Amino acid sequence: MQLTVWTYEGPPHVGAMRVATAMTDVHYVLHAPQGDTYADLLFTMIERRDKRPPVTYTTFQARDLGSDTAELFKSTLIRAYERFQPAAMLVGASCTGELIQDDPAGLAKAAALDCPVVPLELPSYQRKENWGAGETFYQIVRHLSGEPEAGEKPARARPSCNILGATALGFRHRDDVTEISRLLAETGIDVNVVAPLGASAADIARLKDADFNVVLYPEIGEQAARLLKKTFGQPFTTIVPIGVNATREFLAEVRGLAGLPANEANGATRLPWFSRSVDSNYLTGKRVFVFGDATHAVAAARVASEEFGFEVVGLGTYSREHARSVREAAKSHGLEALITDDYLDVEAAIAEAGPELVLGTQMERHIAKRLGIGCAVISAPVHVQDYPARYSPQMGFEGANVLWDTWVHPLVMGLEEHLLGMFREDFEFTDDALPSHLGPGARVSAESEAIRVAAPAPMPTEAAARSPETRTSLWAGDAEAELKKIPFFVRAKARRNTEKFAEDRGLTEITVETLYDAKAHFAR
């Protein structure tokens with residue numbers, strides 16, 4: 001375990017909460033101190049759910065450690081069952097509760113509740129959130145899916161499948177399920193159960209009735225899919241339908257698993273046309289850095305390269321359990337994968353690569369903002385703005401349209417900023433000019449300006465002290481002016497390269513000649 005300011009994943013019991021919250025009649029009793037109840041905020045504040053997660057905490061305190069905390073867990077479990085009357089219960093411990101070693105599984109068994117109890121062994125100091133969600137879903141399926149039935153399945157008019165892996169607090173999981181369910185229905189395939197999102201304990205028992213399983217998020221659904229294949233002989237999909245090409249391959253795969261004849265899938269997506277259009281030509285060859293969970297990072301790198309015409313200059317993940325697939329994908333792009341859960345390593349890699357666009361998580365959004373690079377979010381962890389009220393899937397043909405809008409807009413806005421920078425000396429674009437729709441005139445009155453000048457100068461902030469624009473001691477005035485002519489999205493890299501060039505040669509001043517000498521040196 002590493003102490004850090006930011007983290008890509010929470011502890012594994014947060015993953016278990018995501019699964020419990022996604023289901024309709026499951027309750028989770030968590031042996032945890034009072035401080036661990038912060039996790040409720042993840043669902044009510046970030047995902048904006050209208051009710052609290054179905055989780056009861058023992059909320060032991062320091063004074064309880066000298067008494068019988070095992071009895072506290074047992075009494076809390078019984079009260080939660082009597083109050084909520086769930087169809088099944090999950091029991092486990094948080095990272096702090098794990099240290100007490102009270103054995104929630106054994107205590108739950110001794111309580112002899114009148115419902116199935118699924119014990120969760122989640123090693124908080126070795127594993128993290130996505131693994132915890134996958135393990136929880138696996139244990140639920142293992143305990144509640146039942147035994148294989150004798151004889152053949154009854155014949156149906158249409159083949160059916162289960163959709164596995166979507167949870168609460170998942171990045172666009174709700175909309176992805178809607179989009180893929182629609183595509184499957186159009187293909188002639190019925191959806192038997194979606195789990196864990198929206199599933200009940202009885203639905204888990206019906207998983208075995210499907211012909212095959214669709215795994216949308218391997219980090220969460222693949223382990224359960226392997227169990228269903230071993231127990232009930234159900235095959236499962238291996239292609240994640242993100243992007244036009246992957247969606248077509250996914251539909252071909254499910255048709256094969258369903259025993260349907262092959263058919264060319266052409267959904268209602270505008271991405272291929274936009275990618276070929278004249279307006280998108282200036283995007284071709286843009287350098288992009290991709291980082292996120294393994295599923296979304298690999299898919300995003302493929303879409304960026306094949307369907308947008310971008311050059312992938314960096315690819316990585318924080319999902320160590322799925323690092324192999326990311327390494328293979330990175331190798332296909334001629335790269336070495338970045339496998340880390342330290343955001344400082346990611347920031348250093350992005351700064352070194354100097355991309356024009358970052359496709360990442362909420363963390364990379366902050367990093368890109370500091371580096372002056374455009375960014376689009378493709379993966380959890382995300383913030384509240386990434387749970388829109390509108391329909392906004394990442395998967396399927398409609399998801400491809402969403403990808404185009406989401407990824408291209410930062411580049412378009414960046415182009416507008418660059419154009420404003422180029423014409424900053426024009427009378428219509430000076431800092432003192434009013435917006436064009438307000439007519440001619442100065443933005444700031446003379447009286448306000450006089451007051452501003454007379455006021456004491458504010459103390460520079462820490463961010464300003466670190467800003468590249470403040471490190472001008474080496475730069476001659478004409479060189480600084482020339483540097484500002486360079487597009488903003490590569491200006492920071494040009495500044496760093498020039499300063500390194502000057503430092504290596506012992507120069508005490510950077511002139512225009514130094515700037516162009518450095519440019520020629522690094523262009524070799």
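Predicted model: local features only at pLDDT ≥ 70, side-chain atom pairs only at ≥ 80, totals over all residues.
Student: Which residues form a negative surface patch here?

Tutor: A patch is made of residues with over 30% relative accessible area and no salt bridge, with like charges joined within 9 Å and nonpolar side chains (Val, Leu, Ile, Met, Phe, Trp, Tyr) within 5 Å. Asp and Glu count as negative, Lys and Arg as positive, while His and the chain ends are not counted. The place of a charge is taken as CG of Asp, CD of Glu, NZ of Lys or CZ of Arg. In this structure, Asp478, Glu509, Glu513 and Asp517 form a negative surface patch.

Student: Where is aspartate 517 placed?

Tutor: Helices (H or I, at least four residues) and strands (E, at least two) are DSSP runs, numbered from the N terminus. Aspartate 517 belongs to helix H21, residues 512–522.

Student: Why does aspartate 517 count as partly exposed?

Tutor: Accessible areas come from the Shrake-Rupley method with a 1.4 Å probe, and for residues only the protein chains shown count as cover. Buried means under 20% relative accessible area, exposed over 50%, and partly exposed in between. Aspartate 517 counts as partly exposed because its relative accessibility is 44%.

Student: How many salt bridges does the rule give?

Tutor: Side chains of opposite charge can pair when their charged atoms come close. A salt bridge is a side-chain nitrogen of Lys or Arg within 4 Å of a carboxyl oxygen of Asp or Glu. By this rule the count is 20 salt bridges. One of them joins aspartate 203 and arginine 206, at 3.0 Å from N to O. Aspartate 203 is buried, at 17% relative accessible area, whereas arginine 206 is partly exposed, at 33%.

Student: Which residue forms a salt bridge with arginine 370?

Tutor: The partner is glutamate 347, and the closest N and O atoms are 2.8 Å apart. This pair links distant parts of the chain, 23 residues apart: arginine 370 lies in helix H15 (residues 362–371) and glutamate 347 in helix H14 (residues 343–353). Arginine 370 is partly exposed, with a relative accessible area of 43%, but glutamate 347 counts as buried at 18%.

Student: What does the salt bridge between arginine 365 and aspartate 386 link?

Tutor: Their side chains meet at 3.3 Å, N to O. The pair links distant parts of the chain, 21 residues apart, with arginine 365 in helix H15 and aspartate 386 in the loop between strand E12 (374–377) and helix H16 (396–422). Arginine 365 is partly exposed at 23% relative accessible area, and aspartate 386 is buried at 5%. Elsewhere, salt bridges that share partners join Lys128, Arg320 and Asp341 into one network.

Student: Why does the span of helix H6 agree with expectation?

Tutor: The expected span of a helix is 1.5 Å times one less than its number of residues. Helix H6 (residues 129–144) has 16 residues and should therefore span 22 Å, and its end C-alpha atoms are 22 Å apart. H6 is mostly covered, since 14 of its 16 residues are buried. Just after H6, glycine 146 has a positive phi of about 85°.

Technical notes:
Residues numbered from 1 in each chain as written. Heavy atoms only, no water. Buried < 20%, exposed > 50% of the residue type's maximum accessible area, 1.4 Å probe, protein only.
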